[in-house]
Number of protein chains: 2
Amino acid sequence: MVMANPKRTKQGNFYLYVDTVVLTVSREKSLEPKARLQVLVMHRPTAPKGKWALPGGLVADSEDLPDTALRIVKRETGITVPKADLFQVGTYGKPNRDSRWRAISVAYVVLISEPETPAPISNSDDARFMSYRRLRDESLLEFDHRTIIRDARRAARRQLEDTPIALKFCDSEFTLTDLRWVYEAFVLDRVDPANFRRKVEQVKDFVRPLDSLITFGSEPGRPARLYTAGKTSELNPPVRFRRKLRPR
Amino acid sequence: MVMANPKRTKQGNFYLYVDTVVLTVSREKSLEPKARLQVLVMHRPTAPKGKWALPGGLVADSEDLPDTALRIVKRETGITVPKADLFQVGTYGKPNRDSRWRAISVAYVVLISEPETPAPISNSDDARFMSYRRLRDESLLEFDHRTIIRDARRAARRQLEDTPIALKFCDSEFTLTDLRWVYEAFVLDRVDPANFRRKVEQVKDFVRPLDSLITFGSEPGRPARLYTAGKTSELNPPVRFRRKLRPR
DNA sequence: GCAAAAGTGTTTCAGATACACCCATGC
DNA sequence: GCATGGGTGTATCTGAAACACTTTTGC
């Protein structure tokens, strides 16, 4: 039911974008917790060499914001992200955040496990996963995208505590060590395996042990039990970590 | 540095609004914690009787989003809100959230203490503070504004834990009971005065006792010490409340 | 004196950490 | 056997809740 609107000409001197922060956690065994988090970035053809940006583009008419996010991520990086897993970080609207014209961006974040190799289709001539740490500390991102990734990590960490999104980083069958690996990436520190196990298992319907299935992997040590995702959409109690105490 | 842009015509089939949730806490002594929170709403001249909306309006060219928020709140309700105290709740962009045309809204929330009496200037023919509880439970709000106020309360509650915004509800000199009154409004329950005192006082530079100044009020009981706001912008440790235990 | 709120002190408890110790596998 | 990670049991610590008790006012 769209009516003609006399005020139509009042607005129009800006663009509304959706920018998306695609996060993944590297499985490189040797990586410290702090170095595991990866962000998907792309290179705009007209940008200077070595300057990267989050995949982002204009909202189309009658397109829901999350639909914009996944359309643009696909176009600019080749990566497919599930719509249901997107959640909002915030909206960035300072008049001069883009020097070319007024751009207002709604930022989303999404967590994925095994990513395909990035392969841009258009509007982009390169795309790759880069270390969150590097992007945060060095000046490799255009616009205010460094602020956006910092806010995105914070938002994601909160979601890890209260929702089962950590499972998005895991395969459909996983060990508790796999899951701990993910939490450590966000906590930026090691977590005691014994305490982690108890903490996770007391959350109602967060994870389900698979009937006596065991991984036979190439790792040393006793094989771990496999789990699948439970059905809860809210972690109760939440999975929080206190600061360490001094060793006793 | 605004350039002509060939893609200009691609966008334009929607409006970008800012909607603002102005919260206050009633000082009516008799009110239970749950009934204290008030939301500023207004009546659009073309809306049905008894249907209210959050103050909201179009973003102007080159106008920062928080500036839009306070301009519109002033215009539609007569209330002045401080720009620095606004913080973002989220962006609502579902294609059919407004039946008239496509509207995308960035929502802000702001906490104020003693409000002036609402007095709309234009775009509105009535404005008032209404009970959060009623607005949440009954269907008095247009569009998805009921969702927005719920999200706003949640966002505000988080801010109460981690930042000193609770002080925005208080005067420049206040007692710890005044401050507790505010927290109770968000926790939706009574809080033990003794424990509250300790919790607040151990936060670094959150509140400062005023040199032996004492309220001589009309209240019964021992007069309370006055405090002023400290300088911290982050509550460390945060002011959290656990669920109650069973009485011993 | 009595009621009521401010403010202090103390016990108790839930939840989390630290860590010792046993288990199951690869080499 | 031995190294290594999986998994269990448990002492200890910490922050917070509960609540008894003292102080200071109004009436």
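Q: How far does helix α3 (residues 145–162) of chain A reach from its first C-alpha to its last, and what is expected?
A: This is a predicted model. In it, α3 of chain A has 18 residues and reaches 26 Å. At 1.5 Å a residue, 26 Å is expected, so the reach is close to the expected value.

Q: Which residues of α3(A) are called buried, and what makes them so?
A: Buried means under 20% relative accessible area. The residues that count as buried are A:His145, A:Ile148, A:Ile149, A:Ala152, A:Arg153, A:Ala155, A:Ala156, A:Leu160, A:Glu161 and A:Asp162.

Q: What covers the buried residues of α3(A)?
A: The cover includes strands β1, β2, β4 and β5 and helices α2 and α4 of chain A.

Q: Why is α3(B) called oblique to α4(B)?
A: The two helices pack at an angle of about 140°, with their axes 10 Å apart. Roughly antiparallel needs over 145 degrees, and roughly perpendicular runs from 65 to 115, so the pair is oblique. The crossing is left-handed.

Q: Which residues of α3(B) and α4(B) meet?
A: B:Arg153, B:Ala156, B:Arg157 and B:Leu160 in α3(B) meet B:Tyr183, B:Phe186 and B:Val187 in α4(B). By class, this contact has 5 nonpolar, no polar and 2 charged residues.

Definitions and conventions. Residues numbered from 1 in each chain as written. Chains lettered and ligands numbered in written order. Predicted model: local features only at pLDDT ≥ 70, side-chain atom pairs only at ≥ 80, totals over all residues. Heavy atoms only, no water. Helix = DSSP H or I, 4+ residues; strand = E, 2+ residues; numbered from the N terminus. Buried < 20%, exposed > 50% of the residue type's maximum accessible area, 1.4 Å probe, protein only. Contact = heavy atoms within 4.5 Å. Axes fitted to C-alpha atoms, helices over the stretch in contact; angles between N-to-C directions. Parallel < 35°, antiparallel > 145°, perpendicular 65-115°, else oblique. Left-handed = near helix turned anticlockwise from the far one by under 90°. Nonpolar A, V, L, I, M, F, W, Y, C, P; charged D, E, K, R; others polar.
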